[in-house]
Amino acid sequence: MKQHANSWHKYKYPYLFIAPAILLLTVFSILPIIIALVISFTDMDLLGLADFSNINGAGFTNYLGLFKDPVFIKSIVNTGIYVIIGVPLVILFSMAAALLLNYGTSWLFNTFRVVYYLPSITNIVAVAVVWGYLYNSRYGLFNYILSWFGIPGQAWLQDPTLAKLSLIMMAVWKAIGLNMIIFLAALQGIPRSYYEAAEIDGATGWKKLRYITIPLLSFATFFVTITTLIGWIQFFEEPLVMTKGGPLNATMSMALFIYNNGFKLSDFGYAASGSFVLFIIIIIATIVQFLVKRKEVEY
């Protein structure tokens, strides 16, 4: 007992420093997850929210109903498409932008850093308004550009396939800036001596990029991949403000499905079960990424 008391006095200051973070994590992350799990096994709705005595246990009914719900299945497929297309594009374009902007330090390069970063901090509603005009099938800029080449105008947000691609294009444009900053920070941390040694050995620009830059960006790439993957699995704001999940649920994501059932239909138990399925998918995707990264490091 005395030993534990001495240990507490010895390490109390580190514990005090991390206590606020642990408290916030517990209150805003761990407890909501536990509460959502409990609610997912009930039939909780507005009546149950007003009076807990109206809440009844539902067992696994909500979960069984989810996987029989064609809209939920469609949302899983759509989310998979968003992730498969969107995540690689964000990583590729943000890394490319960082590599290009890292070559210079003049005011022009600094200006473009700000230009590329601005979409990341712009409100999604403002972004949706601007892109809504760009996608307008009658007088939008994109269809106007297509008319230069004799290509007929496209129904960007009305065609099921085009609507998905349109949302992905907008989301990629918005996500490049933040990830570009991460890659820029990693690039500026690479010692110049590596490149000087490679130049002495006669390495070309492509070989320096392939054998020095990209390998030394592996941890930044890993971080960007994890955060981008989690963000795209929770793809929500873009379909909410641009298409409301339409047309014909073609752009319905899992997060939007949960929102519709929880906040529009007030079926909190059903929405909570969907949120927990989404939570499990995120955990599995994250674990797989860490296992892949560990194998790469061991190799």
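Two notes on method. Residues are numbered from 1 along each chain as its sequence is written, and side-chain values use heavy atoms, with hydrogens and water left out. Because the model is predicted, local features need pLDDT of at least 70 and side-chain atom pairs count only at pLDDT 80 or more, while totals for chains, interfaces and linings use all residues.

Aromatics to begin. A search of the whole structure gives 19 aromatic pairs. The criterion: ring centres of Phe, Tyr and Trp (its six-membered ring) within 6.5 Å, with planes under 30 degrees apart called stacked, over 60 edge-to-face, and the rest tilted. Take Phe72 and Phe257. Their pair is tilted, at 5.2 Å centre to centre and 55° between the planes. Phe72 belongs to helix H4 (residues 70-101) and Phe257 to helix H13 (residues 254-264), so this pair ties together parts 185 residues apart in sequence. Helices here are DSSP runs of H or I with at least four residues, numbered from the N terminus. Phe72 and Phe257 are both buried. On that scale, buried is under 20% relative accessible area, exposed is over 50%, and partly exposed is in between, with a 1.4 Å probe and protein chains only.

There is also a cluster. Trp131, Tyr135, Phe142, Trp156 and Trp173 form one aromatic cluster.

Now charges. How many salt bridges does the structure hold? Two. The cut-off is a side-chain nitrogen of Lys or Arg within 4 Å of a carboxyl oxygen of Asp or Glu. Glu199 meets Arg192 at 3.2 Å, N to O. Glu199 is partly exposed at 37% relative accessibility, and Arg192 is partly exposed at 48%. Lys208 meets Glu199 at 2.9 Å, N to O. Shared partners join Arg192, Glu199 and Lys208 into one network.

Is Lys208 buried or exposed? Buried, with a relative accessible area of 16%. Lys208 lies in helix H10 (residues 205-216). Leaving aside residues up to four places away in sequence, Lys208 touches Tyr195, Ala198, Glu199, Ala203 and Thr213. Contact here means heavy atoms within 4.5 Å.

On to helix H11, residues 218-233. Its 16 residues should span 22 Å at 1.5 Å a residue, and the end C-alpha atoms are 22 Å apart, which agrees. The expected span is 1.5 Å times one less than the number of residues. Buried residues of H11 include Phe222, Ile226, Leu229 and Trp232.

Last, the backbone. Most residues other than glycine have a negative phi, and most peptide bonds are trans. Here are some exceptions. The Gly246 to Pro247 peptide bond is cis, with omega near -5°. Pro247 lies in the loop between helix H12 (237-242) and H13. Lys244 is found in the loop between H12 and H13. Its phi is near 60°, a positive value in a residue other than glycine. Lys244 is exposed, with a relative accessible area of 52%. Ser266, not a glycine, also has a positive phi, about 60°. Ser266 lies in the loop between H13 and helix H14 (268-298), and is buried at 15% relative accessible area.

Conventions:
Helix = DSSP H or I, 4+ residues; strand = E, 2+ residues; numbered from the N terminus.
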